[in-house]
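Visitor: I would like to learn how to read a structure like this one. Please take it feature by feature.

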Amino acid sequence: MKKMVAFDFDKTLYDHKALEIPASARRALRELRERGQLVVLATGRDMSTHYSRPLLELVNADARVEQNGAKVVADGKVLFEHFIDRALLRRMLDYAEETGIGFGVTIEDEDYYINPERIREAEMKRWGQCGRQFKDAWALLDKKIRTVNFIGTEEEARAMERAFPTLQLRMFSVNYGADIIEKGISKAEGLKKLCAYYGLEMRDVYAFGDSFNDSEMLEEAGVGIAMGNAKEELKAIADYVTSPIDEDGIWNACKHFQLV
């Protein structure tokens, strides 16, 4: 029976150290398609930005759950989109300005962030460069926004959650920044929409991830697979822990479950 195999992108499919999808993972993707399995990209990214567009071809997914479930695409069609209420967005912008957290989002080729120095500092520390051309974050109020990002410490993230009970902040694996997700929106809910579209059940899903925003989909998929480089908390809820991304983790798990 056809299965749906869903992959988080960063540090699950895409190795940040080598800046590539490992050859063994590319082979797994190719063989999954050849066997007729559905390949799904389930990511916090907006794949329409100039940072992400070049990577779409490398995955060649049948469907995508983007921005942690705020956008679901299958066969080139948008099945679902959720936009943040403008009143809520204004309150978040006010909060960011008052507290000094990094806050905003990249839309296609434009970076809209309050306190851009926080983003620049984080990216210089992580990547050694920051090529962003920052725009006025308040312009976001005139746009349709599905999700926004937070740059700051875990303590600052928990404080924002207390200020906004309808939001959850899922820290990045580097623990300095988070996806801001409205409760009720998740990768798991996105995968359920894809299951309905393709006539499958969540028990037919194999889900791979490494970080906190993958927790729901690993819990609700038929088989939840944590990468060897995943957060320990994610490994604890996974059905299976594979080897790290740079030790053929994707390929090894696909072979273990006889998907390839």
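Predicted model: local features only at pLDDT ≥ 70, side-chain atom pairs only at ≥ 80, totals over all residues.

Visitor: How is a pair of packed helices described, and what are the values for H1 and H9?

Guide: Two packed helices are described by the angle between their axes and the distance between the axes. The axes of H1 and H9 come within 7 Å and cross at roughly 40°. Axes are lines fitted to C-alpha atoms, for helices over the stretch in contact, with angles from 0 to 180 degrees between N-to-C directions. Helices (H or I, at least four residues) and strands (E, at least two) are DSSP runs, numbered from the N terminus.

Visitor: Which residues make the contact between H1 and H9?

Guide: H1 contributes Ser24, Ala25, Arg27, Ala28, Glu31 and Leu32, and H9 contributes Ile250, Trp251 and Cys254. Contact means heavy atoms within 4.5 Å.

Visitor: At what angle do H3 and H5 cross?

Guide: The axes of H3 (residues 86-99) and H5 cross at roughly 140° and come within 12 Å. That angle makes H3 oblique to H5. Arg91, Met92 and Tyr95 of H3 meet Ala159, Met160 and Ala163 of H5.

**Nonpolar cores**

Visitor: How many residues does the largest nonpolar core have?

Guide: A nonpolar core is a set of buried Ala, Val, Leu, Ile, Met, Phe, Trp, Tyr and Cys residues joined through side-chain atoms within 4.5 Å. Buried means under 20% relative accessible area, exposed over 50%, and partly exposed in between (1.4 Å probe, protein chains only). The largest core here has 27 residues, and those with the most contacts inside it include Phe7, Phe9, Leu32, Ile250 and Cys254. Among the elements that give two or more residues to this core are strand S1 (4-7), helix H1 (23-34) and helix H9 (249-256). A second, separate core of 26 residues includes Met92, Tyr112, Phe164 and Leu169.

Visitor: What does Phe9 touch?

Guide: Leaving out residues up to four places away in sequence, Phe9 touches Tyr14, Ile21, Leu41, Ala42, Thr43, Arg45, Leu55 and Val59.

**Salt bridges**

Visitor: How many salt bridges are found in the whole structure?

Guide: Side chains of opposite charge can pair when their charged atoms come close. A salt bridge is a side-chain nitrogen of Lys or Arg within 4 Å of a carboxyl oxygen of Asp or Glu. The whole structure has 18 salt bridges. One of them joins Arg146 to Glu81, with the closest N and O atoms 2.7 Å apart. This pair links distant parts of the chain, 65 residues apart: Glu81 is in strand S5 (residues 77-81), and Arg146 is in the loop between strand S8 (134-135) and strand S9 (148-151).

Visitor: Are Arg146 and Glu81 buried or partly exposed?

Guide: Arg146 is buried, at a relative accessible area of 18%, whereas Glu81 is partly exposed, at 34%.

Visitor: Where do Asp111 and Arg132 lie, buried or exposed?

Guide: Both Asp111 and Arg132 are buried, and their side chains meet in a salt bridge (2.7 Å, N to O).

Visitor: Which residues form a network of salt bridges?

Guide: Asp8, Lys187 and Asp214 are linked in such a network.

Notes:
Residues numbered from 1 in each chain as written. Heavy atoms only, no water. Parallel < 35°, antiparallel > 145°, perpendicular 65-115°, else oblique.
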